[in-house]
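Please find below a note on this structure, in numbered points.

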Amino acid sequence: MKLSGKVALVTGSSQGIGAAIAIRLAEEGADIVINYHSHPEEAEAVKAQIESTGRRAVAIAADLGSVPSINQLISGGIAALGKLDILVNNAGVEKNASFWDVTEAAYDFVLNTNLKGPFFATQAFVKHLQSRTSPGKIINISSVHEELPFPHFTSYCASKGGVKMMTRNLSIELAPFGITINNVAPGAIETPINTALLHDPAKLNALLQNIPLNRLGKPADVSSAVAFLASSEADYITGTTLVVDGGLTWNYSEQ
Ligand code: BGC
């Protein structure tokens, strides 16, 4: 077990990739702060699964677009489990719209959840580590779209590009405290975020043609990368992105 004695907070961990990460980190020995926005029953199911592995867990609701709510999430997690050592900024949303149709509300929803949330959750987490003079690990669940264009998802791409630069910047600023920060960039993973795609055979087949390993990823493909970056095996890795995409990003060929 890689994470015995550690406590991890995983945002957006009631479903999808976040739930898989929360359970995997628990299997590696960490106690877990589960975070959810609107599905307490799903968060309770993840909590029960973690407790069945013998680890402690608590589920806390938060609006990641609100700094007071983020601060309550961090302080609530510390109050419940004693401390935090690992922060996984996983919660993310996307909205499909042509650029000229994007509303202010939709833009704010995406940027607040995907960029403002990780920014201020990381800030509160770093202050906690500094108060304990403790090292720590931050892992952001970004996307291949921190690099790769995704037409009709411009606000999503802007948020993920922002997370990429936040990670690079903070790797330098946080290194003196023994705090590392890295991104995991999933490609197309089978999760609730792309339910529509999964039920559209034409779109799904077109996507599969772009993936050299010829399958969608599974949440477990992402959670194993996170478990590695959260562990001491990755102590010398900071400011980088681990891409988990079946080869999608750099797939180009001429017949
Ligand atoms: C998006 C998915 C998309 C995938 C591959 C992810 O970041 O959330 O909607 O299918 O990238 O393009």
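1. The side chain of Glu94 has an N or O atom 2.6 Å from an oxygen atom of the ligand, a polar contact (a pair of N or O atoms within 3.5 Å). For His145, a polar side-chain atom is 2.7 Å from a ligand oxygen. The side chain of Tyr156 also places an N or O atom 2.7 Å from an oxygen atom of the ligand. Of the 310 Å² of accessible area that the ligand has on its own, the protein covers 89% (Shrake-Rupley method, 1.4 Å probe).

2. The model is predicted: local features need pLDDT of at least 70 and side-chain atom pairs pLDDT 80 or more, while totals for chains, interfaces and linings use all residues. Numbering starts from 1 along each chain as its sequence is written, and side-chain values use heavy atoms, without hydrogens or water.

3. Residues around the ligand (a heavy atom within 4 Å) include Ser143, Phe150, Gly187, Ala188 and Ile193. The shell divides into 4 nonpolar, 3 polar and 1 charged, with Tyr counted as nonpolar and Gly as polar.

4. Val184 is in contact (heavy atoms within 4.5 Å) with residues including Ile139, Ser143, Val226 and Val244, leaving aside neighbours within four places in sequence.

Conventions. Polar contact = N/O pair within 3.5 Å; in protein donor to acceptor, adjacent residues only side chain to side chain.
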